[in-house]
Each structure stands twice: as structure tokens, then as C-alpha cells.
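This report is for a reader meeting the structure for the first time. It covers a loop, a pair of helices and the nonpolar cores.

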Amino acid sequence: NAYRRSDRIVAISQRVADDLIARHPRMAPRVSVAHHGSDHVAEWPSTRAGDAIAFGHYSNKEPALLLSTWSYLLKNSNDAVPTLHVVGLEEPHRMFLQGEASRLGIADRVILDAYLPEREFEQLMRSASAVLFPSRHEGFGLPVLEAMRQGVPVATSPDRALHEVAGGHAAESAGGSPQQMGMAVKRALSMSPTEVDSARDYANQFTWRRSAEITRAAIAATLSS
């Protein structure tokens, strides 16, 4: 009912807009897309020598898949595999994942953390070897752009929003298996400085000013009509 009564809806990605229009086709003329910005994040080059960072604040972020992925990589990779560092975990979920890591025999190669203080998280990102985002479903996927802006390679799942936001600059998994995600992680870890710089330039196009301008234009168009 709220959708039907709306004069204009501003979606954060084309994926969200498409999903909305698929359910409510008559709303198509009233939907605009204003991507989030990434320029709230300080721009710096990561040393790319530290942990691989992932997120666990929602189950759709698939931290359990990453544990299986790490088990696969440690058994099948000839290259060095960084420590997997999952942040944002509530205690029950953290304990469950700790048990899974022990069962897989990789507890010494995994760090499972709650939410970190901002300064500590920034330090972690300054050396991150990769950011991993194997989400089952995203409306946007802001950490992808945040990582790119900071010179950190990104590996993602083949989610439509992540594909849209990454713009071809992330290592996208072909599917949801540990093997497929492992190949994407290896691709991210091997990205060249040129590829990382290209991803940063791309992420820098996403500004909050542009987001505000598109939103303002949508509101102005509605008022004028």
C-alpha cells in the first residue's frame, strides 16, 4: 500500500529497482536509482600484506562458506594463504563458527571477532590482503566500494547487486561452492597494482554528492508534476 501511494521511490541500486518493478510493474515510471557514495572513506593504499577481511553481522554474508573456502585453499593452494579475519559477529554466532573452524582443522588460521572499534578496524583495513563478500543477497554492497577506494582487492559472490556495484573490478565467484569461492579469492589475492588502481578510480566515481543530486532531482521532478 505504501508503494502504491508513493509519488517517487529512490532505489539504492538497479537490482533493488528491478526487484521492486517486477513485483509492482505499474511503478516503473516512478522509480529512480541513486547509488551510495564511497567518499566517506579515507583514501589510502593498503599494504596488502595482512589478513583477508570478511563480515559476519548478518547470516547472508556467508561466513560459514568462507570457513569451508579456507579449508579448501589451505589444502589445495601452492601459494601463501592469509589469515581469514571475520568481524562483526555476535557471540552465539562467533562460538558456532569457532566450532566449525576447529572441526575443519583451521582454527589457527581464522580470527573471529565482534564489532571492532573504528580505529582498530581502520588499522586492519590498512594492511588487508583482500575483502571477501560472498553474500547471498545484497541491496547494494557498500563494503565493496569502500575496499576498492582503500586499494584492497575484493572477492564477491555472483549476487546481482554486487555485480552491479563492482563494475567488473572484483573477482566474482562463479557460484556458491567453497571451490568456486576459493578461485575468486585466489584471483583477488593475485590482482596487479594496475588492477587495484583501476578499481580505486572506479570507486571514486561513487560520491554522496552525486547520490544527493539524483535524489534531489527525483524529488524536484515529482513536485513539478
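S46 is found in the loop between β2 and β3; helices (H or I, at least four residues) and strands (E, at least two) are DSSP runs, numbered from the N terminus. The model is predicted: local features need pLDDT of at least 70, side-chain atom pairs count only at pLDDT 80 or more, and totals for chains, interfaces and linings use all residues. Residues are numbered from 1 along each chain as its sequence is written, and side-chain values use heavy atoms, with hydrogens and water left out.

S46 counts as buried because its relative accessibility is 11%. Buried means under 20% relative accessible area, exposed over 50%, and partly exposed in between (1.4 Å probe, protein chains only). Leaving aside neighbours within four places in sequence, S46 is in contact (heavy atoms within 4.5 Å) with M125, R126, S127, A128, Q150, G151 and V152.

R48 lies in the loop between β2 (31-33) and β3 (52-55). With a relative accessibility of 24%, R48 counts as partly exposed. A polar atom of the S46 side chain lies 3.0 Å from the backbone nitrogen of R48. R48 is not a glycine, yet has a positive phi of about 60°.

E62 is placed in the loop between β3 and α3 (63-76). E62, not a glycine, has a positive phi of about 60°.

## Helices α3 and α8

The axes of α3 and α8 (residues 178-189) come within 8 Å and cross at roughly 75°. Axes are lines fitted to C-alpha atoms, for helices over the stretch in contact, and angles run from 0 to 180 degrees between N-to-C directions. The two helices, α3 and α8, are therefore roughly perpendicular to each other (65 to 115 degrees).

On the α3 side, L65, L66, S68, T69, W70, Y72 and L73 meet P178, Q179, M181, G182, V185 and K186 of α8. The residues of this contact divide into eight nonpolar, four polar and one charged.

## The nonpolar cores

A nonpolar core is a set of buried Ala, Val, Leu, Ile, Met, Phe, Trp, Tyr and Cys residues joined through side-chain atoms within 4.5 Å. The largest has 25 residues, and W70, L84, L132, A155 and V185 have the most contacts inside it. At least two residues of this core come from each of β3, α3, β4 (84-87), α4 (91-104), β5 (110-112), β6 (130-133) and α8.

A second, separate core of 24 residues includes M125, A128, L145 and A166.

Notes
Angles under 35 degrees count as roughly parallel, over 145 as roughly antiparallel, 65 to 115 as roughly perpendicular and the rest as oblique. Ala, Val, Leu, Ile, Met, Phe, Trp, Tyr, Cys and Pro count as nonpolar, Asp, Glu, Lys and Arg as charged, and the others, Gly among them, as polar. A polar contact is a pair of N or O atoms within 3.5 Å; within protein, one must be able to donate a hydrogen and the other to accept it, and residues adjacent in sequence count only if both atoms are side-chain atoms.
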